[in-house]
Amino acid sequence: MTAVLRCDGVHKRFGATHAVRGVSLHVDRGEVVALLGENGAGKSTLVRCVAGEIVPDEGGVWVNGAHLEQATPARAAQLGVAVVHQELSYVGPTSVAENLLLARLPRRRGAPFLLDRRRLVEQAREALARIAPDIDVRARMADLRVGDRQLVEIARAVGSGAAVVLMDEPTAALTAAEVEKLFTAVASLREHGVGILYISHRLDEIQRIADRAVVLRDGAVVGTQRVGDVSRQELVAQIVGRQIDAFRREHHAEPEVGDGRRSLEVTGLSVPGRLRSLDLAIRPGEILGLYGLAGSGVELVAKALVGAVPSSGEVTVAGRRLSRRTPATCRKAGFAHVPSDRREEGIFPLLPVGTNVAIAALADRGAAAVVTRATDRAAGRRWTQELDIRPRDPDVPVAALSGGNQQKSIFARWLAIEPKVFVLDEPTKGVDVGAKSQMYELIARVAEQGAGVLVISSELPELMSLCSRIGVVTRGELVGTYPTATVDEQRIVDLAIGGHDR
Ligand SMILES: Nc1ncnc2c1ncn2[C@@H]1O[C@H](COP(=O)(O)OP(=O)(O)OP(=O)(O)O)[C@@H](O)[C@H]1O
Ligand SMILES: [Mg+2]
């Protein structure tokens, strides 16, 4: 028997939600098994059962043949389980080095209760060397950007000598170059006989690194197959339980001279040292995309626009210049911003979905706003339905939603204020294939109703299918804007790389 992980008939309920229904699966030595399914299918819940964070109601988990009994995270770690959590995991006040070496902190010789700081730093640097040598091991975890935090978690799992590593959407916050480093780490783990349970909504990743795929729907296994034996379409159909067509927006020929109206006009937007004099204009009804590699400055555009980072330049919304830009004044002017990091700027985890959705609209009405459970509920009911947020219960706290459903509820909040300008930063991060198409349709609808939309995304296919033009940012500069009909993905990537020293 070579299984490093075996789940047998695992059930988990949260009140009325039967999140995991009798799941049995195994991961062999040196095998990468993909765990697939829609948002809310039960993937993270199963991972938490294996990690000892929650105890299954029925069924059991075996690691290297040993039964995980009286499950706690410490017990699971002892048996050889390491976890890289989905983005929303808790970040303590510790340093990168302490986080990396959590279970094996070096002590001073002769004084075992004292930390050997010098060795701590050295060992931590070693642990990070292959995956993310640029991260300062003395920095605090809380100060790192999400992608870097994720890389530290990955390095910790890789270095822990585990028999099985659980990766819950490890690449959702990573750039393309970071993804490559992760894949190298995965390959080396596999060579060392470690088993990996890998969760991702990005099927191209699954096809590259997974040996087998297990598909969950509504908490139960609906299929298991060798990845090489199935097509992408077959996987998608199994995940969502129906055929879905790839979303493609009709790109109307863009008139060179329109009536001159602009939803958004930006001139000379600059962030010292990071972004140089960016100009762009978006017409009502237009969806403009922005693409750039990590560090190109593209990741700052949205934050600079809404005044979340110090910047200079002029921003005009529907003909009115914003004299002072703060997130609040921007929102008042009809400017909605869906941030890329929902933990930082997005949600109120303990409040109900309804309140989370209604909150932006309420803030606009100022003193006149009447906060009632009834208005919240009505908003919650409408948007949980429109966006298929599950469970469809406006009273559930957002913290109890699955990752992708949390992302949808942030999106709903901004749709609810009917913005003039809609700035979306990585809008479909963590959102499943079926829900993505739904979100694309809603974004297109917002544009059709007259808003100007700016989509910043690292997923080029997303930009290609949504946008009529795509701007490329390289080394802090917008190097060009291209009608989507005239370029292909390769050309955009070449342009994005082109300005870098390589
Ligand atoms: N602590 C909790 N309390 C109540 N319900 C929960 C809790 N955690 C998860 N759930 C529910 O269990 C179901 C499965 O959630 P889970 O997080 O496992 O989904 P997932 O497959 O990881 O989805 P995603 O792709 O969006 O991350 C969902 O309906 C979710 O709302
Ligand atoms: Mg999840």
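**Close-up views of a predicted model**

**View 1. Leu68 sits in the loop that runs between β5 (66-67) and α2 (73-79).** The model shown here and in the views below is predicted. Leu68 has a relative accessibility of 8% and counts as buried, because the cut-off for that class is under 20%.

**View 2. An open sheet is built from six strands.** The strand order is β6-β9-β10-β3-β11-β12, and the pairing is mixed. β6 (81-84) and β12 (220-226) are the edge strands; each has a single partner strand, so one side of each lacks a neighbour in the sheet. From one strand to the next, the twist averages 20 degrees. Strands of a sheet pair through backbone hydrogen bonds, in either a parallel or an antiparallel sense.

**View 3. Strand β9 (residues 164-168) is largely enclosed by the rest of the structure, since five of its five residues are buried.** In a regular strand, side chains alternate between the two faces of the sheet. In β9, Val164, Leu166 and Asp168 point one way, while Val165 and Met167 point the other way. Residues on both sides of the strand are buried, Asp168 among them. β9 pairs with β6 in the parallel sense over four bridges, and Val81 has Val164 as its bridge partner in β9. The pairing of β9 with β10 is also parallel and runs over five bridges. Here the bridge partner of Met167 is Tyr198 in β10.

**View 4. Strands β3 (residues 32-36) and β10 (residues 195-199) run parallel and are joined by four bridges.**

**View 5. Strands β21 (residues 469-474) and β22 (residues 477-483) form a hairpin with two residues between them.** The two strands pair in the antiparallel sense over six bridges. Val473 stands opposite Leu478 in β22. In the turn, Arg475 has a positive phi of about 45 degrees.

**View 6. Cys49 is a buried cysteine that takes part in no disulfide.** Its relative accessible area is 1%. The nearest cysteine sulfur to that of Cys49 belongs to Cys7 and is 8.0 Å away, whereas a disulfide requires sulfur atoms within 2.5 Å. The structure as a whole holds zero disulfides. Cys467 is another buried cysteine, with a relative accessible area of 0%.

**View 7. The second largest pocket holds about 1100 Å³ of space.** Rolling a probe the size of a water molecule over the atoms shows where empty space is left. The lining of this pocket is made up of 39 residues, and Ser44, Thr45, Ala400, Leu401 and Ser402 lie nearest the centre. At least two lining residues come from each of β2 (17-28), α1 (43-50), β11 (212-217) and α14 (403-415). The largest share is that of α1, with five residues. By class, the lining comprises 17 polar, twelve nonpolar and ten charged residues.

Terms used. Residues numbered from 1 in each chain as written. Chains lettered and ligands numbered in written order. Predicted model: local features only at pLDDT ≥ 70, side-chain atom pairs only at ≥ 80, totals over all residues. Heavy atoms only, no water. Pairing = 2+ DSSP bridges. Axes fitted to C-alpha atoms, helices over the stretch in contact; angles between N-to-C directions. Buried < 20%, exposed > 50% of the residue type's maximum accessible area, 1.4 Å probe, protein only. 1 Å grid on protein atoms, 1.4 Å probe; cavity = no way out; pocket = protein on both sides within 12 Å on 5 of 7 lines; lining within 4 Å. Points joined across faces, edges and corners; volume = space filled by probe spheres on them. Nonpolar A, V, L, I, M, F, W, Y, C, P; charged D, E, K, R; others polar.
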